[in-house]
Every structure is written in structure tokens, then in C-alpha cells.
Number of protein chains: 2
Amino acid sequence: MEERTEIADLGEFGLIDHLTKNIELQNASSILGVGDDAAVIDHFGRQTVVTTDLLVEGVHFDLIYTPLKHLGYKSVVVNLSDIYAMNAVPTQIVISIGFSNRFSVEALDEFYEGVYAACSRYGVDLVGGDTSSSQKGFIISVTAIGEVSPDRFVKRSTAQKGDLLCVSGDLGAAYIGLLFLEREKKIFIESPGVQPDLEGEAYVIGRLLRPEARKDIVEFFAAQQIQPTSMLDISDGLSSEILHICKQSELGCVLYEDKIPVSEQTRNAAFKFEIDPTACALSGGEDYELVFTVKQEDYDKIVQHEGISVVGYMTEPEKGATIITKGGGKHALTAQGWNHMNK
Amino acid sequence: MEERTEIADLGEFGLIDHLTKNIELQNASSILGVGDDAAVIDHFGRQTVVTTDLLVEGVHFDLIYTPLKHLGYKSVVVNLSDIYAMNAVPTQIVISIGFSNRFSVEALDEFYEGVYAACSRYGVDLVGGDTSSSQKGFIISVTAIGEVSPDRFVKRSTAQKGDLLCVSGDLGAAYIGLLFLEREKKIFIESPGVQPDLEGEAYVIGRLLRPEARKDIVEFFAAQQIQPTSMLDISDGLSSEILHICKQSELGCVLYEDKIPVSEQTRNAAFKFEIDPTACALSGGEDYELVFTVKQEDYDKIVQHEGISVVGYMTEPEKGATIITKGGGKHALTAQGWNHMNK
């Protein structure tokens with residue numbers, strides 16, 4: 001009998017490790033390859049950063065409640081977010097789309113309106129792409145390219161013991177936004193006449209449908225001459241991203257629940273669904289905020305920025321990754337982010 | 001009533017024009033954007049070339065007769081071919097795949113075996129990517145990055161009147177290979193017990209399933225100090241590509257049927273299907289040879305290379321794009337390449 005390992009047994013990150021474990025880089029210009037938010041390529045004075053994302057209808061987005069313009073915007077932003085997470089500045093994108101014949105030119109125009117709005121907002125150029133038909137559903141592939149001064153890019157693997165663990169903005173809103181939209185979709189399917197009740201939830205829904213990348217944070221680092229010691233963007237949930245830093249930097253960490261930034265709107269919305277807002281922040285994902293570590297001596301600079309929260313610190317690896325809850329309990333941090341592979 | 005334009009009314013190239021007509025490049029480093037084989041980005045001394053392709057099961061490939069290893073190889077090669085078509089040298093790729101749960105890890109390993117074989121053969125590094133599930137079918141997105149000495153990249157729009165029109169290798173084989181495989185698939189579906197009869201057709205089938213990119217031709221140009229005045233790779237058929245040069249360079253051309261290189265194997269195979277080998281070369285596509293123009297003074301250098309055929313020359317635009325048939329007839333050249341958009 002032929003051997004068969006289920007992909008679900010490996011999980012997404014296990015699969016990527018599996019598929020890329022034998023790579024040996026051949027070009028001197030390939031400074032950093034698979035395993036971070038983006039690759040780094042040397043180009044005689046500046047370094048080029050490259051990242052790519054594949055978005056598939058029914059897996060990453062639901063067109064029942066996702067306006068195409070927002071989808072175009074978000075498709076670009078999630079890639080730019082990966083470039084910023086390298087402490088780099090995005091400069092170009094290429095975008096490929098596949099679509100079935102149910103799409104009209106007007107529909108694609110709407111999608112591209114969002115793409116161009118994001119390009120304009122972030123100052124990046126759309127320089128290429130591909131279009132194709134698809135057998136089913138809408139498929140989007142974006143590759144973003146950015147640049148960074150030599151050796152200023154920030155990896156996941158270079159945090160040090162004692163470094164402060166920080167996050168930008170607030171977390172958990174996108175996941176609550178998804179819960180609202182999924183609830184209204186269910187009601188709509190059961191009773192098509194009923195109008196969606198999303199009043200007062202614009203913030204959390206906006207965070208899901210039209211996220212922004214934290215360009216301003218990377219600009220703040222440059223202005224304040226802060227060099228983060230590690231950084232990622234939060235696509236899978238805070239826990240998952242912090243565990244990447246711990247694993248790749250070979251460290252443990254302490255995370256304080258009461259320091260995790262959650263907006264008032266997110267707390268109120270979580271209350272309606274009777275779920276814990278902290279769980280949304282830890283495991284919800286799609287917030288596209290930055291999680292990063294800085295040296296302790298940068299504390300005074302970091303706290304000047306209202307949009308940055310210090311949420312914990314890095315420890316020796318033996319202590320593991322832990323969260324101190326509001327009640328003072330100490331628990332191991334586990335990743336329960338959205339895992340598209342298990343769907 | 002809401003306006004609705006069918007995508008089929010625009011065609012693939014019309015759609016791309018439509019979607020990209022308002023782009024204004026913002027970054028000084030974006031030297032060349034949408035509209036060629038690849039984009040060109042300046043990086044302080046060298047220029048970076050970027051291209052991307054989206055391949056969708058059931059649209060671009062059929063897994064019934066496409067070994068996954070060949071598919072991985074070809075997915076990389078078709079992108080490298082676009083980099084070579086810019087007169088550049090590929091250095092890195094990123095690759096994203098989407099797949100349904102019918103795929104096992106072993107199946108993906110086979111695919112990646114082909115990806116790595118192509119990377120190794122062409123000296124490029126796989127530096128990133130993304131994996132995702134898909135609702136249906138296998139989806140592959142590859143972005144290739146290359147470099148070129150400043151201003152040595154070759155566009156489609158810079159051919160001059162009197163330039164020689166040349167192609168590398170031989171044409172039409174991939175299309176005949178496809179006809180064989182489609183025939184055997186039909187027989188297999190009707191009578192699953194019957195063994196495929198592909199004896200003697202290894203060449204044409206190999207050209208379809210496992211094409212190579214013409215790295216050697218670009219190296220020949222460098223060694224001989226030949227700067228082509230325009231160049232494309234042949235993915236949609238010779239006619240379609242020549243018409244791109246004519247349109248973008250605002251020229252006409254004369255193409256001689258008897259000069260179009262077609263292999264003996266392709267002629268024999270075309271005979272079995274009772275189709276014209278010239279039609280396969282003109283409209284078949286997927287050959288991944290290079291079509292390019294050079295100045296007349298480069299003729300002596302070009303003819304030294306056995307793998308290059310001079311097939312015609314560029315004329316003033318008023319004369320249009322014409323083909324002189326073996327019988328001496330003169331016809332307008334029309335594009336009838338594989339058009340995935342009309343399927």
C-alpha cells in the first residue's frame with residue numbers, strides 16, 4: 001500500500017517546514033529565505049524584501065458579506081503588513097486573480113478600485129500580474145516587494161532574553177467582526193427578508209473587512225531610531241505569533257493578560273456573544289497589528305507612542321511561554337489561531 | 001438595470017488593459033510596470049525584474065495526465081521564461097499553492113521535487129510562499145525575481161523598422177503533445193482498461209509537460225554582446241507574440257512560413273492528426289521559446305547559433321503584420337492562441 005500522510009497531521013506550519021526543509025540558497029543576493037514574513041534580497045546598497053499571499057474564496061473570504069472593493073484593499077494590505085513586519089517599506093506589488101464566469105467586468109473593477117486605493121494609501125506601485133479563469137470561486141495571489149536599509153530588516157529569530165514584548169493598536173476586533181457577519185449570514189439564509197442588524201458594530205466589522213497595515217509604526221521606529229529585536233504581523237492571533245518569536249528565538253516569555261490592548265467596542269461586542277475578549281485577542285487573528293520585541297533601554301521611547309502597548313517580556317527558554325491572567329493565574333500560552341488547514 | 005459587461009467581450013489582454021489603464025507609478029524605483037513579461041525595479045546599480053503567473057487546475061493543466069513533479073517543474077520554468085524574455089537572469093522565486101484535501105503530503109512532495117529540480121537547474125532560490133486549502137482543484141501562483149544590468153532589459157515596444165525577427169528552438173510541439181494526451185484521456189475515460197498509446201511521441205509530450213526556459217539564449221546574447229531590440233517568450237503561440245511586438249512597437253512585419261522552425265517529430269505527429277504543423281507553431285503556444293528582434297548588423301552573430309532561426313523582419317506599420325506562405329501567398333497574421341478566457 002502506498003504511504004499516505006494527511007496534510008492535516010502536519011498543520012500549516014508543519015507542512016511549510018516539511019516542504020522547505022532542504023532548501024539551500026544559491027544566490028549571494030538571497031539574504032533571507034523561507035521562514036519569516038518576507039524574504040530579503042540584497043541589491044547593492046539596499047535590500048529587497050518579498051512576500052506573497054494566496055487568498056481563496058470560501059477559505060479566506062466569503063463574498064456574501066465581503067464587498068469586492070474591501071477585498072481588493074485587504075488583499076494588498078495583508079501583504080504590505082508582512083513587509084512592514086520586516087521593518088521595511090513596501091514599494092511594488094504584483095497581483096494575480098482567477099475568477100469564474102459569474103464575475104462581470106464591473107465586479108473586477110470594484111475589486112481593483114480597492115487594490116488601487118490601497119496602493120495609493122501606502123505609496124506602492126502595481127507593476128504586474130496575471131489573470132485567469134477558475135473552475136470555482138475567486139482566487140487572489142499578491143506578491144509585495146519592499147526595501148530596507150542594509151541589515152535593518154527584523155527577523156523573528158533575534159529576540160533576546162529580557163526584551164520587552166510589545167503590540168501595536170488593539171486586538172480581537174476582526175474576529176468579533178467575523179462572528180457578527182457569520183451570524184447575519186445565517187439569519188439571511190434562513191430568512192432572506194430580514195435586514196442585517198449590524199448597528200453599532202462598524203468598528204469591529206471594519207477591522208475585519210478593511211484592515212490597515214501599520215506603516216506609521218515602522219515610520220515611528222525610523223524617526224525614534226528604534227531597532228526592534230524581532231517582529232511579526234498578527235494574522236493568526238497574538239498567541240500564535242508570540243509562539244513563533246519564542247520558538248525561532250529559542251526563548252520563553254511572560255505575557256500579562258491585563259496589558260493586552262482590546263478596544264471598548266470589542267469588549268462590548270464580545271459581551272453580546274458571551275465570549276472572552278482576551279480569547280479573541282489571543283486566538284482571533286486577522287488584526288494585522290504588529291507584535292515585536294525591543295531592548296529594555298528603548299522603553300522610554302516606546303511608551304511615547306499611545307498606540308503601542310508593552311504586554312510582557314522575553315525569558316530564558318526553560319520558563320516556557322506563559323500568560324499571567326487578570327486573576328494572577330499562570331498558564332502556558334497555546335496557539336489556537338484560525339487554522340485554514342483544518343477546515 | 002445594472003450595467004454588466006461580459007469579461008469574454010474584452011478578452012484576456014483587453015481585460016488587463018482595462019484593469020490597469022489608470023496606473024500611475026509612484027516610486028522612482030519602478031522603472032517598468034504592467035504590460036511586459038515582467039516589471040523592472042531599480043536597485044541602485046542593478047535592476048530587478050519581477051513576473052508572476054497563476055496556474056489553475058482544469059484551466060491550465062489536467063492532473064489526469066500531468067505528473068505532479070513535471071507540474072512543479074513547469075510552474076517554475078514558465079515564470080523563469082518571462083524573466084529571460086526580459087534579457088535578465090532569474091535569481092529568486094516565491095511560490096504559493098492551494099489544494100483540496102484530496103492531496104496527500106506525498107503528492108505535494110512530488111510537486112515540490114519538480115519545483116526544486118527547476119530551481120537547481122536554473123540556479124534560482126525559492127525564498128518564500130504561502131500554502132492554503134482550496135475549495136476545488138490545485139492552484140499554483142509563482143512570482144519570479146531576476147536581475148539585469150542597468151538598462152539592458154528588453155521590452156516589447158522597442159523593435160525598429162528593418163530589424164530581423166527571430167525565434168529560438170522549434171515551435172508547435174507542445175500543442176501536438178496536448179492533442180495526444182487529450183486523445184488518450186478520452187480513450188481512457190471511455191475504456192479504462194486500454195493502455196495509453198504514446199509511443200514515439202516522447203518529444204512532443206515532453207515539450208508540453210516539462211518545458212525548459214531558454215537560459216542559454218540569454219547567455220549567448222551576453223557572450224556575443226547582442227542586445228535584442230524587443231523580446232517575448234512564446235506562451236500563447238508565435239502569431240500572438242509577434243502581434244504584441246507589432247502593436248507595442250507600432251510596426252508591421254513580414255513572417256516567412258518556410259522559415260518557422262518545426263521539428264521532424266512535430267511534423268510527423270501533426271500528420272497523424274491531419275493538422276497543419278504551421279498552424280500549431282502559430283497558434284499552439286506553450287513552447288516557451290523566445291521570439292525577438294535584432295538589428296540587421298547582428299545577423300552574422302545570430303546565424304552562428306544553430307538554435308536560432310531568422311523568420312522575418314519588421315516593417316513600417318502601414319504594411320501590417322503579414323505571413324508569406326510556402327506557396328507564396330500573402331496573408332494577414334492573426335492571433336488564435338490558446339485563450340484561457342474564452343473557455
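Colleague: At roughly what angle do the axes of helix α4 and helix α5 of chain B cross?

Modeller: This is a predicted model. Helix α4 of chain B covers residues 173-190, and helix α5 of chain B covers residues 202-209. Their axes come within 7 Å. They cross at roughly 100°.

Colleague: Is α4(B) roughly parallel or roughly perpendicular to α5(B)?

Modeller: Angles of 65 to 115 degrees count as roughly perpendicular. The crossing is at roughly 100°. Therefore α4(B) and α5(B) are roughly perpendicular.

Colleague: How many nonpolar residues are in the contact of α4(B) with α5(B)?

Modeller: On the α4(B) side, the residues include B:Ile176, B:Gly177 and B:Phe180. On the α5(B) side, they include B:Tyr203, B:Val204 and B:Arg207. By class, 1 residue is charged, 1 is polar, and the nonpolar ones number 10.

Colleague: Which helices of chain A do the buried residues of α5(A) pack against?

Modeller: Helix α5 of chain A spans residues 202-209. Its buried residues are A:Val204, A:Ile205, A:Arg207, A:Leu208 and A:Leu209. They pack against α2 (68-84), α4 (173-190) and α8 (264-272) of chain A.

Colleague: Is A:Leu251 buried or exposed?

Modeller: A:Leu251 sits in the loop between α7 (238-249) and β9 (252-256) of chain A. Among the residues A:Leu251 touches are A:Ala159, A:Cys246 and A:Met314. A residue needs 20 or more C-beta neighbours within 10 Å to be buried. A:Leu251 has 25 inside 10 Å, so A:Leu251 counts as buried.

Colleague: What separates the C-alpha atoms of A:Leu251 and A:Arg102?

Modeller: Along the chain, A:Leu251 and A:Arg102 are 149 residues apart.

Definitions and conventions:
Residues are numbered from 1 along each chain as its sequence is written. Chains are lettered from A and ligands numbered from 1 in the order in which they are written. This is a predicted model: local features need pLDDT of at least 70, side-chain atom pairs count only at pLDDT 80 or more; totals for chains, interfaces and linings use all residues. A residue is buried if 20 or more other C-beta atoms lie within 10 Å of its own, exposed if 12 or fewer, and partly exposed in between; C-beta atoms are placed from the backbone. Helices (H or I, at least four residues) and strands (E, at least two) are DSSP runs, numbered from the N terminus. Two residues are in contact if their C-beta atoms, placed from the backbone, lie within 7 Å. Axes are lines fitted to C-alpha atoms, for helices over the stretch in contact, and angles run from 0 to 180 degrees between N-to-C directions. Angles under 35 degrees count as roughly parallel, over 145 as roughly antiparallel, 65 to 115 as roughly perpendicular and the rest as oblique. Ala, Val, Leu, Ile, Met, Phe, Trp, Tyr, Cys and Pro count as nonpolar, Asp, Glu, Lys and Arg as charged, and the others, Gly among them, as polar. Lists of a residue's contacts leave out its neighbours within four places in sequence.
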